[in-house]
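Hi,

Here is the structure we talked about.

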Amino acid sequence: AWRIWVAENSATAELDFTSGESAELVLFNGEDLDGWKEVKAFFRRPDRGQGGGPAGWGVEDDKLICFGGPNGHLRTRASYRNFTLNLDYRLPGGEGDSGVGLFLTGPDNLQPTCLEVQILHGHSGDLYPVSGFQAEGSDGKLIVYRAERIAEPEELRDDWNSMELKVRDGTVEVRVNGQVVNRASGGPAGATQLTLLNQSTRVEFRGIVLSPLD
């Protein structure tokens, strides 16, 4: 009954499951989309992926897959406050485009109001304020369009790369393959949701683990 209530009320209720927790939370179980909700265009068809294949989100060989198709996103049903998020991503052929959305609140919209951490070869770690979201970059100035990353990590073009996002009291520090590449501040300090963005290309994820900081 509790799981059903959370699923039905997570978009509007103030839910924070990190208080008092110290253990890691595995956000993707490798089997299904339990704990996640897909937000998509109402006109989505299952044959609108690349090459006539599937579209949207699914699981394949223990990996969370964005198959492409019309834009949308996959968000957590629960909200989290002050945490480190670790994940691995792979861009098949080095051509994929996605992002991790932080500080997501409010009702579901096709275009989420959040701070996007870019996943794109050569630009992973760039920051974009989406749908009117406001944040300051590492220079303390308001991010108008994009905050480019401040370092150039070694990235693998057609293999797995790692991303670590440390979120505390509305700030975020971004690491790609262990190197700090960006920082931002000005986000809400309370519990918010996470989202993965579908930008119409195939992107693969694994090892999505959240570690509470308090």
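A salt bridge here is a side-chain nitrogen of Lys or Arg within 4 Å of a carboxyl oxygen of Asp or Glu. Glutamate 148 and arginine 146 form one through their side chains, at 2.8 Å from N to O. Arginine 146 is partly exposed, because its relative accessibility is 31%. Please keep in mind that this is a predicted model.

The structure holds 16 salt bridges. Two others among them:

- Glutamate 204 meets lysine 63 at 3.4 Å, N to O. Glutamate 204 sits in strand E15 (residues 203–212) and lysine 63 in strand E4 (residues 63–66), so the pair ties together parts that are 141 residues apart in sequence. Glutamate 204 counts as buried at 2% relative accessibility. Lysine 63 counts as buried too, at 18%.
- Arginine 183 meets glutamate 173 at 3.4 Å, N to O. Strand E13 (residues 179–185) holds arginine 183 and strand E12 (residues 171–176) holds glutamate 173, so this pair links parts that are 10 residues apart in sequence. Arginine 183 is partly exposed at 38%, whereas glutamate 173 is buried at 18%.

There is also a salt-bridge network. Its members are Glu60, Lys63, Arg90, Asp158, Arg202 and Glu204.

On the surface, Glu31, Asp32, Asp61 and Asp62 gather in a patch of negative charge. Glutamate 31 lies in the loop between strand E1 (25–26) and strand E2 (36–40). Its relative accessibility is 62%, so glutamate 31 counts as exposed.

Now the cysteines. A search of the whole structure finds 0 disulfides. Cysteine 66 is buried, at 0% relative accessibility. Cysteine 114 is buried, at 0% relative accessibility.

Best wishes

Note on methods:
Residues are numbered from 1 along each chain as its sequence is written. This is a predicted model: local features need pLDDT of at least 70, side-chain atom pairs count only at pLDDT 80 or more; totals for chains, interfaces and linings use all residues. Side-chain values use heavy atoms; hydrogens and water are left out. Patches are made of residues with over 30% relative accessible area and no salt bridge: like charges are joined within 9 Å, nonpolar side chains (Val, Leu, Ile, Met, Phe, Trp, Tyr) within 5 Å. Accessible areas come from the Shrake-Rupley method with a 1.4 Å probe; for residues, only the protein chains shown count as cover. Lys and Arg count as positive and Asp and Glu as negative; His and the chain ends are not counted. The place of a charge is taken as NZ of Lys, CZ of Arg, CG of Asp or CD of Glu. Helices (H or I, at least four residues) and strands (E, at least two) are DSSP runs, numbered from the N terminus. Buried means under 20% relative accessible area, exposed over 50%, partly exposed in between (1.4 Å probe, protein chains only). A disulfide is a pair of cysteine sulfur atoms within 2.5 Å.
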